[in-house]
Amino acid sequence: MQRTAPDPRPEPAPEPSGLPVLPELADRLTAAAGRAGPEPSGGSPELRTAAAGYAGRRGPAAGPDRLLVGPGAPALLLALYAAVGGAVVLPRPCAAWYAPPARLLGRAVHLAPVPAESGGAPDPFAFLETVRRARMEGDGPGVLVLSVADDPTGTCPPPEQLHEVCEAAAGEGMWVVSDETRRDLLHDPHDTVVLSPAEMLPADVVVLSDLRATLLPASWPVGIARFPEGERGAALRAAALGALTAAATPLPGPLADATGYALGEPAPVRARTAAAARLHGTLAAALYRTLTAAGALCRPPRSGSHLYADLEPLRHPLAAAGVTGAAALERELAPWAARGGHRFGDDPGALRVRLSTEALLGPDPDARRPVLAAPDPLRTAPVATALARLDHTLTVLTTGG
(Lines give C-alpha, C1' and ligand atoms only; values in the text may rest on other atoms or scores of the structure.)
Protein backbone atom coordinates (compact mmCIF):
# COMPACT_ATOMS: atom_id res chain seq x y z
CA MET A 1 0.00 0.00 0.00
CA GLN A 2 1.23 3.43 -0.91
CA ARG A 3 2.67 5.28 2.07
CA THR A 4 2.27 8.83 0.90
CA ALA A 5 0.65 10.64 -1.99
CA PRO A 6 3.01 12.21 -4.51
CA ASP A 7 3.33 15.96 -4.75
CA PRO A 8 2.08 16.51 -8.31
CA ARG A 9 3.59 19.12 -10.66
CA PRO A 10 2.93 21.00 -12.80
CA GLU A 11 -0.44 22.29 -11.68
CA PRO A 12 -3.32 22.13 -14.16
CA ALA A 13 -5.61 25.03 -15.01
CA PRO A 14 -7.56 26.45 -12.04
CA GLU A 15 -10.75 24.76 -10.90
CA PRO A 16 -14.03 26.10 -12.35
CA SER A 17 -15.35 29.14 -10.51
CA GLY A 18 -18.61 27.55 -9.43
CA LEU A 19 -22.17 28.83 -9.72
CA PRO A 20 -23.02 32.55 -9.88
CA VAL A 21 -22.96 34.38 -6.55
CA LEU A 22 -26.39 34.44 -4.92
CA PRO A 23 -27.58 38.09 -4.95
CA GLU A 24 -28.72 37.96 -1.32
CA LEU A 25 -25.23 36.87 -0.24
CA ALA A 26 -23.61 39.60 -2.32
CA ASP A 27 -25.91 42.16 -0.67
CA ARG A 28 -24.92 40.94 2.80
CA LEU A 29 -21.24 41.17 1.95
CA THR A 30 -21.68 44.67 0.56
CA ALA A 31 -23.63 45.80 3.62
CA ALA A 32 -20.80 44.63 5.90
CA ALA A 33 -18.01 46.08 3.76
CA GLY A 34 -17.39 48.84 6.31
CA ARG A 35 -16.49 46.34 9.05
CA ALA A 36 -12.75 46.82 9.40
CA GLY A 37 -11.94 44.27 12.11
CA PRO A 38 -11.45 40.54 11.50
CA GLU A 39 -13.52 37.80 13.06
CA PRO A 40 -12.04 36.37 16.29
CA SER A 41 -10.06 33.18 15.79
CA GLY A 42 -12.44 30.22 15.73
CA GLY A 43 -15.45 32.48 15.21
CA SER A 44 -17.38 34.89 17.41
CA PRO A 45 -20.13 33.53 19.69
CA GLU A 46 -22.72 34.83 17.22
CA LEU A 47 -21.12 33.11 14.24
CA ARG A 48 -20.61 29.87 16.16
CA THR A 49 -24.25 29.96 17.28
CA ALA A 50 -25.31 30.18 13.64
CA ALA A 51 -22.92 27.32 12.82
CA ALA A 52 -24.37 25.25 15.68
CA GLY A 53 -27.84 25.67 14.22
CA TYR A 54 -26.58 24.60 10.81
CA ALA A 55 -24.79 21.57 12.28
CA GLY A 56 -27.74 20.62 14.48
CA ARG A 57 -30.04 20.40 11.47
CA ARG A 58 -27.75 17.69 10.10
CA GLY A 59 -26.96 15.64 13.17
CA PRO A 60 -26.88 15.63 16.96
CA ALA A 61 -27.31 19.04 18.59
CA ALA A 62 -24.06 20.88 19.25
CA GLY A 63 -23.63 24.05 21.28
CA PRO A 64 -21.47 26.96 20.11
CA ASP A 65 -18.73 25.90 22.53
CA ARG A 66 -18.21 22.73 20.45
CA LEU A 67 -17.77 24.54 17.13
CA LEU A 68 -14.92 26.27 15.35
CA VAL A 69 -15.37 28.44 12.26
CA GLY A 70 -12.24 29.11 10.22
CA PRO A 71 -10.93 30.34 6.86
CA GLY A 72 -11.78 27.18 4.93
CA ALA A 73 -11.84 23.48 5.71
CA PRO A 74 -8.16 22.97 4.74
CA ALA A 75 -7.12 25.47 7.43
CA LEU A 76 -9.27 23.68 9.99
CA LEU A 77 -7.87 20.31 8.92
CA LEU A 78 -4.34 21.65 9.37
CA ALA A 79 -5.28 22.75 12.90
CA LEU A 80 -6.79 19.32 13.61
CA TYR A 81 -3.69 17.48 12.40
CA ALA A 82 -1.54 19.74 14.59
CA ALA A 83 -3.79 19.10 17.59
CA VAL A 84 -4.02 15.32 17.22
CA GLY A 85 -0.42 14.50 16.32
CA GLY A 86 0.75 11.30 14.70
CA ALA A 87 0.45 10.01 11.16
CA VAL A 88 -2.62 10.43 8.98
CA VAL A 89 -4.59 7.67 7.23
CA LEU A 90 -6.61 8.63 4.15
CA PRO A 91 -8.75 6.74 1.64
CA ARG A 92 -7.25 6.14 -1.78
CA PRO A 93 -8.40 8.08 -3.75
CA CYS A 94 -9.34 11.05 -1.58
CA ALA A 95 -9.93 14.79 -1.87
CA ALA A 96 -6.79 16.62 -2.97
CA TRP A 97 -6.77 18.89 0.09
CA TYR A 98 -6.54 16.10 2.72
CA ALA A 99 -2.83 15.30 2.39
CA PRO A 100 -1.06 18.70 1.97
CA PRO A 101 -1.71 19.95 5.54
CA ALA A 102 -0.14 16.76 6.91
CA ARG A 103 2.90 17.18 4.68
CA LEU A 104 3.20 20.79 5.82
CA LEU A 105 3.45 19.54 9.40
CA GLY A 106 5.93 16.81 8.46
CA ARG A 107 3.44 14.02 9.21
CA ALA A 108 3.42 10.73 7.36
CA VAL A 109 0.41 10.03 5.17
CA HIS A 110 -0.75 6.45 4.64
CA LEU A 111 -3.33 5.56 2.01
CA ALA A 112 -5.84 2.72 2.33
CA PRO A 113 -7.79 1.71 -0.80
CA VAL A 114 -11.55 2.16 -0.99
CA PRO A 115 -13.75 -0.81 -1.93
CA ALA A 116 -15.24 -1.30 -5.38
CA GLU A 117 -18.70 -0.15 -4.33
CA SER A 118 -17.92 3.45 -3.36
CA GLY A 119 -15.24 5.95 -2.44
CA GLY A 120 -15.00 8.16 0.62
CA ALA A 121 -13.99 5.58 3.22
CA PRO A 122 -11.35 2.84 3.08
CA ASP A 123 -12.18 -0.82 3.11
CA PRO A 124 -12.16 -1.74 6.84
CA PHE A 125 -9.72 -4.64 6.42
CA ALA A 126 -7.44 -2.58 4.19
CA PHE A 127 -7.54 0.17 6.79
CA LEU A 128 -6.39 -2.15 9.58
CA GLU A 129 -3.61 -3.53 7.38
CA THR A 130 -2.52 0.04 6.55
CA VAL A 131 -2.37 0.91 10.27
CA ARG A 132 -0.38 -2.26 10.98
CA ARG A 133 2.17 -1.47 8.27
CA ALA A 134 2.41 2.16 9.38
CA ARG A 135 3.33 1.04 12.88
CA MET A 136 5.88 -1.40 11.50
CA GLU A 137 7.49 1.59 9.74
CA GLY A 138 7.64 3.49 13.04
CA ASP A 139 4.62 5.73 12.49
CA GLY A 140 1.79 6.04 15.00
CA PRO A 141 -1.43 6.88 13.13
CA GLY A 142 -3.52 9.42 15.03
CA VAL A 143 -6.35 10.32 12.67
CA LEU A 144 -8.44 8.84 9.86
CA VAL A 145 -10.10 11.25 7.44
CA LEU A 146 -13.08 10.01 5.45
CA SER A 147 -16.05 11.48 3.62
CA VAL A 148 -19.75 10.65 3.64
CA ALA A 149 -20.22 12.33 0.22
CA ASP A 150 -16.96 11.87 -1.55
CA ASP A 151 -14.82 14.04 -3.72
CA PRO A 152 -13.32 12.77 -6.06
CA THR A 153 -15.65 9.85 -6.75
CA GLY A 154 -19.03 11.52 -6.24
CA THR A 155 -20.23 8.49 -4.24
CA CYS A 156 -21.50 7.91 -0.70
CA PRO A 157 -20.17 4.95 1.30
CA PRO A 158 -22.94 2.82 2.83
CA PRO A 159 -23.59 3.29 6.57
CA GLU A 160 -22.49 -0.23 7.42
CA GLN A 161 -19.08 0.31 5.83
CA LEU A 162 -18.68 3.63 7.62
CA HIS A 163 -19.59 2.02 10.93
CA GLU A 164 -17.06 -0.78 10.49
CA VAL A 165 -14.15 1.46 9.59
CA CYS A 166 -14.98 4.02 12.30
CA GLU A 167 -15.14 1.27 14.91
CA ALA A 168 -11.81 -0.03 13.66
CA ALA A 169 -10.25 3.45 13.94
CA ALA A 170 -11.62 3.97 17.44
CA GLY A 171 -10.30 0.55 18.41
CA GLU A 172 -6.86 1.69 17.27
CA GLY A 173 -7.09 4.80 19.45
CA MET A 174 -7.49 7.16 16.47
CA TRP A 175 -9.70 10.18 15.89
CA VAL A 176 -12.05 10.14 12.90
CA VAL A 177 -12.54 13.33 10.87
CA SER A 178 -15.74 13.09 8.84
CA ASP A 179 -15.75 15.41 5.84
CA GLU A 180 -19.43 16.22 5.24
CA THR A 181 -18.91 19.07 2.81
CA ARG A 182 -21.12 17.65 0.06
CA ARG A 183 -23.81 15.87 2.01
CA ASP A 184 -26.38 18.51 0.96
CA LEU A 185 -25.64 17.93 -2.73
CA LEU A 186 -27.22 14.49 -3.04
CA HIS A 187 -28.49 13.96 -6.57
CA ASP A 188 -31.47 11.93 -5.33
CA PRO A 189 -32.03 12.31 -1.56
CA HIS A 190 -34.68 9.57 -1.65
CA ASP A 191 -32.28 7.05 -3.16
CA THR A 192 -29.09 7.69 -1.16
CA VAL A 193 -28.71 7.23 2.59
CA VAL A 194 -26.16 9.48 4.29
CA LEU A 195 -25.45 8.88 7.95
CA SER A 196 -22.76 10.81 9.79
CA PRO A 197 -20.12 8.86 11.73
CA ALA A 198 -20.82 11.36 14.54
CA GLU A 199 -24.16 9.58 14.98
CA MET A 200 -22.40 6.22 15.21
CA LEU A 201 -19.44 7.02 17.48
CA PRO A 202 -20.16 10.49 18.90
CA ALA A 203 -17.14 10.51 21.23
CA ASP A 204 -14.57 9.83 18.51
CA VAL A 205 -15.65 11.89 15.49
CA VAL A 206 -15.00 15.47 14.40
CA VAL A 207 -17.32 16.69 11.62
CA LEU A 208 -15.75 19.01 9.07
CA SER A 209 -17.57 20.99 6.36
CA ASP A 210 -16.34 23.42 3.72
CA LEU A 211 -19.22 25.81 3.13
CA ARG A 212 -18.05 26.67 -0.38
CA ALA A 213 -19.58 23.51 -1.79
CA THR A 214 -23.14 24.43 -0.80
CA LEU A 215 -23.77 27.72 1.02
CA LEU A 216 -21.09 30.09 -0.23
CA PRO A 217 -19.39 31.03 -3.52
CA ALA A 218 -16.29 29.08 -4.48
CA SER A 219 -14.01 32.04 -3.70
CA TRP A 220 -15.29 32.58 -0.11
CA PRO A 221 -13.22 30.20 2.06
CA VAL A 222 -15.14 29.32 5.23
CA GLY A 223 -15.27 26.00 7.05
CA ILE A 224 -16.78 24.69 10.27
CA ALA A 225 -15.67 21.90 12.59
CA ARG A 226 -17.93 20.26 15.17
CA PHE A 227 -16.24 18.50 18.10
CA PRO A 228 -17.49 15.73 20.40
CA GLU A 229 -18.92 16.37 23.84
CA GLY A 230 -16.93 15.70 27.00
CA GLU A 231 -13.44 16.47 28.22
CA ARG A 232 -11.66 14.68 25.41
CA GLY A 233 -13.55 16.59 22.73
CA ALA A 234 -13.07 19.87 24.59
CA ALA A 235 -9.33 19.27 24.87
CA LEU A 236 -9.08 18.56 21.13
CA ARG A 237 -11.05 21.69 20.32
CA ALA A 238 -8.82 23.80 22.54
CA ALA A 239 -5.69 22.43 20.90
CA ALA A 240 -7.12 22.97 17.41
CA LEU A 241 -8.11 26.53 18.33
CA GLY A 242 -4.58 27.14 19.53
CA ALA A 243 -3.16 25.95 16.23
CA LEU A 244 -5.68 27.99 14.26
CA THR A 245 -4.82 31.10 16.28
CA ALA A 246 -1.09 30.55 15.76
CA ALA A 247 -1.67 30.48 12.00
CA ALA A 248 -2.98 34.07 12.28
CA THR A 249 -5.37 33.84 9.32
CA PRO A 250 -8.74 35.00 10.69
CA LEU A 251 -11.89 35.41 8.67
CA PRO A 252 -12.43 38.91 7.29
CA GLY A 253 -15.25 40.63 9.14
CA PRO A 254 -17.52 41.21 6.11
CA LEU A 255 -17.17 37.57 5.06
CA ALA A 256 -18.12 36.44 8.57
CA ASP A 257 -21.29 38.55 8.45
CA ALA A 258 -22.34 37.07 5.11
CA THR A 259 -21.53 33.57 6.38
CA GLY A 260 -23.72 34.06 9.45
CA TYR A 261 -26.63 34.91 7.14
CA ALA A 262 -25.98 31.83 4.97
CA LEU A 263 -25.73 29.50 7.97
CA GLY A 264 -29.25 30.49 8.97
CA GLU A 265 -30.36 28.93 5.65
CA PRO A 266 -33.03 31.44 4.65
CA ALA A 267 -35.27 30.59 1.72
CA PRO A 268 -32.99 31.94 -1.05
CA VAL A 269 -30.04 29.91 0.27
CA ARG A 270 -32.09 26.73 0.60
CA ALA A 271 -33.46 27.18 -2.90
CA ARG A 272 -29.98 27.66 -4.37
CA THR A 273 -28.63 24.54 -2.61
CA ALA A 274 -31.54 22.45 -3.91
CA ALA A 275 -31.12 23.85 -7.43
CA ALA A 276 -27.38 23.15 -7.35
CA ALA A 277 -27.97 19.55 -6.25
CA ARG A 278 -30.45 18.99 -9.09
CA LEU A 279 -28.16 20.59 -11.66
CA HIS A 280 -25.07 18.66 -10.61
CA GLY A 281 -27.07 15.43 -10.54
CA THR A 282 -28.31 15.96 -14.09
CA LEU A 283 -24.87 16.85 -15.42
CA ALA A 284 -23.07 14.08 -13.53
CA ALA A 285 -25.49 11.51 -14.95
CA ALA A 286 -24.80 12.83 -18.46
CA LEU A 287 -21.04 12.64 -17.93
CA TYR A 288 -21.44 9.10 -16.59
CA ARG A 289 -23.39 8.03 -19.69
CA THR A 290 -20.83 9.60 -22.02
CA LEU A 291 -17.85 7.99 -20.28
CA THR A 292 -19.34 4.51 -19.92
CA ALA A 293 -20.55 4.55 -23.52
CA ALA A 294 -16.92 5.09 -24.54
CA GLY A 295 -15.88 2.01 -22.54
CA ALA A 296 -14.74 3.59 -19.25
CA LEU A 297 -15.57 2.16 -15.85
CA CYS A 298 -17.18 4.54 -13.38
CA ARG A 299 -19.06 4.32 -10.11
CA PRO A 300 -22.49 5.93 -10.59
CA PRO A 301 -22.24 9.43 -9.05
CA ARG A 302 -24.57 10.15 -6.12
CA SER A 303 -23.51 13.54 -4.80
CA GLY A 304 -21.53 16.67 -5.53
CA SER A 305 -20.07 17.96 -8.77
CA HIS A 306 -17.46 15.32 -9.66
CA LEU A 307 -17.16 11.78 -10.87
CA TYR A 308 -14.19 9.47 -11.16
CA ALA A 309 -13.60 7.48 -14.33
CA ASP A 310 -11.34 4.48 -14.82
CA LEU A 311 -10.16 4.12 -18.43
CA GLU A 312 -8.01 1.03 -17.81
CA PRO A 313 -10.22 -1.06 -20.16
CA LEU A 314 -9.11 1.35 -22.91
CA ARG A 315 -5.40 1.19 -22.15
CA HIS A 316 -4.35 -0.33 -25.47
CA PRO A 317 -6.00 2.26 -27.75
CA LEU A 318 -5.05 5.08 -25.39
CA ALA A 319 -1.42 3.96 -25.42
CA ALA A 320 -1.51 4.11 -29.21
CA ALA A 321 -2.59 7.75 -28.80
CA GLY A 322 0.30 8.41 -26.41
CA VAL A 323 -1.80 8.32 -23.23
CA THR A 324 -0.19 5.94 -20.76
CA GLY A 325 -0.89 7.42 -17.32
CA ALA A 326 -2.99 9.78 -15.24
CA ALA A 327 -1.03 12.93 -16.10
CA ALA A 328 -1.39 12.39 -19.85
CA LEU A 329 -5.07 11.64 -19.45
CA GLU A 330 -5.46 14.85 -17.47
CA ARG A 331 -3.90 16.84 -20.31
CA GLU A 332 -6.14 15.30 -22.96
CA LEU A 333 -9.31 15.94 -20.95
CA ALA A 334 -8.32 19.38 -19.61
CA PRO A 335 -11.41 21.18 -21.07
CA TRP A 336 -13.56 19.19 -18.65
CA ALA A 337 -11.55 20.30 -15.59
CA ALA A 338 -9.84 16.92 -15.55
CA ARG A 339 -7.63 15.99 -12.61
CA GLY A 340 -5.58 12.82 -12.92
CA GLY A 341 -5.92 10.20 -10.22
CA HIS A 342 -2.34 10.92 -9.05
CA ARG A 343 -3.67 14.17 -7.53
CA PHE A 344 -5.91 12.16 -5.22
CA GLY A 345 -3.31 9.68 -4.01
CA ASP A 346 -4.00 7.15 -6.75
CA ASP A 347 -1.43 5.26 -8.84
CA PRO A 348 0.13 7.74 -11.32
CA GLY A 349 0.37 4.98 -13.91
CA ALA A 350 -3.32 4.13 -13.73
CA LEU A 351 -5.71 5.62 -16.28
CA ARG A 352 -8.04 7.21 -13.77
CA VAL A 353 -9.31 10.78 -13.82
CA ARG A 354 -11.81 13.04 -12.08
CA LEU A 355 -14.10 15.21 -14.21
CA SER A 356 -16.21 18.16 -13.06
CA THR A 357 -19.81 18.96 -13.90
CA GLU A 358 -18.96 22.64 -13.47
CA ALA A 359 -16.81 22.49 -16.60
CA LEU A 360 -20.02 21.96 -18.60
CA LEU A 361 -21.64 25.20 -17.46
CA GLY A 362 -19.86 27.76 -19.59
CA PRO A 363 -16.92 30.10 -18.96
CA ASP A 364 -18.48 32.86 -16.82
CA PRO A 365 -21.49 33.71 -14.59
CA ASP A 366 -23.44 35.19 -17.48
CA ALA A 367 -23.24 31.86 -19.32
CA ARG A 368 -24.00 29.83 -16.21
CA ARG A 369 -27.15 31.58 -15.00
CA PRO A 370 -29.32 30.32 -17.88
CA VAL A 371 -28.07 26.76 -17.32
CA LEU A 372 -28.93 26.93 -13.62
CA ALA A 373 -32.44 28.16 -14.41
CA ALA A 374 -33.13 25.88 -17.39
CA PRO A 375 -35.85 23.20 -17.08
CA ASP A 376 -33.53 20.82 -18.95
CA PRO A 377 -29.87 21.85 -18.59
CA LEU A 378 -28.79 19.24 -21.15
CA ARG A 379 -30.54 21.22 -23.88
CA THR A 380 -28.63 24.43 -23.18
CA ALA A 381 -25.86 25.34 -25.58
CA PRO A 382 -22.87 25.25 -23.17
CA VAL A 383 -23.79 21.82 -21.79
CA ALA A 384 -24.73 20.22 -25.10
CA THR A 385 -21.55 21.51 -26.73
CA ALA A 386 -19.28 20.36 -23.88
CA LEU A 387 -20.79 16.87 -23.84
CA ALA A 388 -20.53 16.53 -27.60
CA ARG A 389 -16.89 17.61 -27.51
CA LEU A 390 -16.15 15.09 -24.76
CA ASP A 391 -17.77 12.30 -26.76
CA HIS A 392 -15.76 13.30 -29.82
CA THR A 393 -12.49 13.51 -27.87
CA LEU A 394 -13.01 10.08 -26.33
CA THR A 395 -13.81 8.64 -29.75
CA VAL A 396 -10.64 10.10 -31.26
CA LEU A 397 -8.48 8.89 -28.36
CA THR A 398 -9.84 5.37 -28.36
CA THR A 399 -10.35 4.71 -32.08
CA GLY A 400 -7.96 7.13 -33.76
CA GLY A 401 -10.88 8.37 -35.85
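1. Ala, Val, Leu, Ile, Met, Phe, Trp, Tyr, Cys and Pro count as nonpolar; Asp, Glu, Lys and Arg count as charged; the others, Gly among them, count as polar. By that scheme, the lining of the largest cavity divides into 5 nonpolar, 2 polar and 4 charged residues.

2. Basis of the model. This is a predicted model, in which local features need pLDDT of at least 70, side-chain atom pairs count only at pLDDT 80 or more, and totals for chains, interfaces and linings use all residues. Residues are numbered from 1 along each chain as its sequence is written, and side-chain values use heavy atoms, with hydrogens and water left out.

3. UniProt, in an unreviewed entry, places the feature "domain: Aminotransferase class I/classII large" at residues 30-314. UniProt positions follow the numbering used here, feature names are shortened, and annotations may be inferred rather than shown by experiment. Over residues 30-314 the chain is 41% helix and 15% strand. The end C-alpha atoms of that stretch are 51 Å apart. Helices (H or I, at least four residues) and strands (E, at least two) are DSSP runs, numbered from the N terminus.

4. Strand E9. How many of the residues of strand E9 (residues 306-310) are buried? The count is 5 of the 5, so E9 is largely enclosed by the rest of the structure. Buried means under 20% relative accessible area, exposed over 50%, and partly exposed in between (1.4 Å probe, protein chains only). In a regular strand the side chains alternate between the two faces of the sheet. In E9, His306, Tyr308 and Asp310 point one way. Leu307 and Ala309 point the other way.

5. Neighbours of E9. Two strands pair if DSSP finds at least two bridges between them. Strand E8 (residues 297-298) runs antiparallel to E9, and 2 bridges join them. Here Cys298 stands opposite Ala309 in E9. Strand E11 (residues 352-356) is also antiparallel to E9, with 5 bridges. In this pairing Asp310 stands opposite Arg352 in E11.

6. Cysteines. A disulfide is a covalent bond between the sulfur atoms of two cysteines. The test used here asks for a pair of cysteine sulfur atoms within 2.5 Å. A search of the whole structure finds 0 disulfides. Cys166 is in no disulfide; its nearest cysteine sulfur, that of Cys156, is 15 Å away. Cys166 counts as buried, at 0% relative accessibility.

7. Backbone points to check. Most residues other than glycine have a negative phi, and most peptide bonds are trans. A cis peptide bond joins Arg92 and Pro93, with omega about 5°. Pro93 is found in the loop between strand E2 (87-92) and helix H4 (99-104). The bond from Asp151 to Pro152 is cis too, with omega near 25°. Pro152 sits in the loop between strand E4 (141-147) and helix H6 (159-171).

8. Positive phi. Ala248 has phi near 55°. Its place is in the loop between helix H8 (230-247) and helix H9 (253-263). Ala337 has a positive phi of about 55°, in the loop between helix H12 (326-332) and strand E10 (339-340). Is each alanine buried or exposed? Ala248 counts as exposed, at 58% relative accessibility. Ala337 is buried, with a relative accessible area of 9%.

9. The cavity. On a 1 Å grid over the protein atoms alone, a cavity is a set of points where a 1.4 Å probe fits but cannot get out, and a pocket is an open set with protein on both sides within 12 Å along at least five of seven lines; lining residues have an atom within 4 Å of a point. Grid points are joined across faces, edges and corners, and a volume is the space filled by probe spheres set on the points. The count comes to 1 cavity of 30 Å³ or more. About 110 Å³ of space lies in the largest cavity. E7 (223-226) gives the most to its lining, with 3 residues.

10. The second largest pocket. Its volume is about 280 Å³. The lining has 20 residues, of which Pro12, Ala13, Ala334, Ala338 and Arg339 lie nearest the centre. H12 supplies the largest share, 3 residues. The lining divides into 11 nonpolar, 1 polar and 8 charged residues.
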